[in-house]
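Student: Please take a close look at one part of this model, the charged side chains and how they pair. Go residue by residue.

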Amino acid sequence: LVGSEMCIRDRSREKSINKNHNVDVCILLATYNGEKYIGEMIDSILNQDYENFVIVLSDDASSDSTPEILEEYAQRYSQKVNLYHSGMHFGCAQKHFMHLLRQFSDYSHIMFCDQDDIWHKDKISKTMKKMVELEKDHDISVPILVHTDLRVVDSNLNEIAPSFCKYSNLNGNRLAVNQLLVQNVVTGCTVMINNSLAKLGCRSFDEDQMLMHDWWLALLAATCGVAAFLDEPTIDYRQHANNSVGAKNAKSLRYIVNKLKTAQVANSLQDTFKNAQTFLKCYHDIIPQKYIYEINAYANMENKNALIRKFDYIRYGFWKKGLIREIGQILLG
């Protein structure tokens, strides 16, 4: 009951700020045992050159001092920072973020934030500029997602690579449906979505079959709207021992060896098949017919023999980026 009361109180406060200040960007920041870097992260948002935003802080039952740090920021910056208490334990980032999306989907634009990175001062303004351009071209009723590149840094913010995409041998423009079904190129902490996409993302589905919230929303934007890439870093993507998902050097020998391990490649592909199955089941009624056939073809890959599966990779262009990844698909997928 206490958790529910706190949730209602914080939610009411959020709506009030939105109405009074015409807030057009809501930043969802999900935390778990993030005491080491969370202060720097929030400070980098508060120092943005774009002012029309609010931050929603939500903790997933941390055992360190993270909750106290969040409370301090909420009290100190009450006009910008809202502390949200879900009264729930999620256990993983994607479920936490999807819950927050459902609670705060009424904003015109939503961004997602990890607890240990540093946002560049112009991150919101640059992403918003791209978003506004797309909304003018396609209308605000069209679901739209914008994502950007990242600068990879170590725990002390020393540069490891100026481009996450190049470091990981990814192409942020690979946003066609057939490409996104097999490989995600969207990093959640760089994403901005508009209200139309947020509303669609709030549907109920089996989240245990969803790989990541950013991948899910990218697929939804690509099939039912627009997904676009801003080809410049807007964030320092901190790499440290506790990263749940991190940047990997796609040219390293270790990476290549791991990619060619039978179990890892096969299991990874099986997960993408299940992701496609769940996605198709959830949005079958609104996905344009031109995409239904190829999504269904990919979702049913696990039921096909190896030869037919490889034929369909070629037929539909279900390829990951990079020769090593493609070899892994052919030999082991």
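Tutor: Start with accessibility: buried is under 20% relative accessible area, exposed is over 50%, and partly exposed lies in between (1.4 Å probe, protein chains only). The model is predicted, so local features need pLDDT of at least 70 and side-chain atom pairs pLDDT 80 or more, while totals for chains, interfaces and linings use all residues. Numbering runs from 1 along each chain as its sequence is written, and side-chain values use heavy atoms, without hydrogens or water.

First, the setting. The protein has 333 residues, and 54% of them are buried. Its fold holds 14 helices and nine strands (DSSP runs numbered from the N terminus: H or I of at least four residues, E of at least two). Take the contacts (heavy atoms within 4.5 Å) between residues at least 6 apart in sequence. Of these, 78% join residues at least 24 apart.

Now the pairs. Side chains of opposite charge can pair when their charged atoms come close. The count is 11 salt bridges, each a side-chain nitrogen of Lys or Arg within 4 Å of a carboxyl oxygen of Asp or Glu.

Lys-95 pairs with Asp-208. Their closest N and O atoms are 2.6 Å apart. Are the two partners buried or exposed? Lys-95 is partly exposed because its relative accessible area is 25%. Asp-208 counts as exposed, because its relative accessibility is 56%.

Arg-76 and Glu-72 make a local pair. Both belong to helix H3. They lie four residues apart, about one turn of the helix. Arg-76 has 47% relative accessibility, so Arg-76 counts as partly exposed. Glu-72 is partly exposed too, with a relative accessible area of 41%.

Next, Asp-312 and Lys-304. They form a salt bridge with the closest N and O atoms 2.5 Å apart. Asp-312 is buried, because its relative accessible area is 5%. Lys-304, at 21%, counts as partly exposed. Salt bridges can also share partners: Asp-122, Lys-126 and Glu-232 are joined into one network in this way.

What of a charged residue with no salt bridge? Look at Asp-214. This residue belongs to helix H9, which spans residues 213-224. Asp-214 is buried yet has no salt bridge. The nearest side chain of opposite charge is Lys-123, 11 Å away (Lys and Arg count as positive, Asp and Glu as negative; His and the chain ends are left out). Which residues does Asp-214 touch, leaving aside those up to four places away in sequence? They are Asn-184, Val-186, Thr-187 and Gly-188.

Asp-312 is buried and has Lys-304 as a salt-bridge partner. Asp-214 is buried and has no such partner. Then trace Arg-76 to Glu-72 for the pair within H3.
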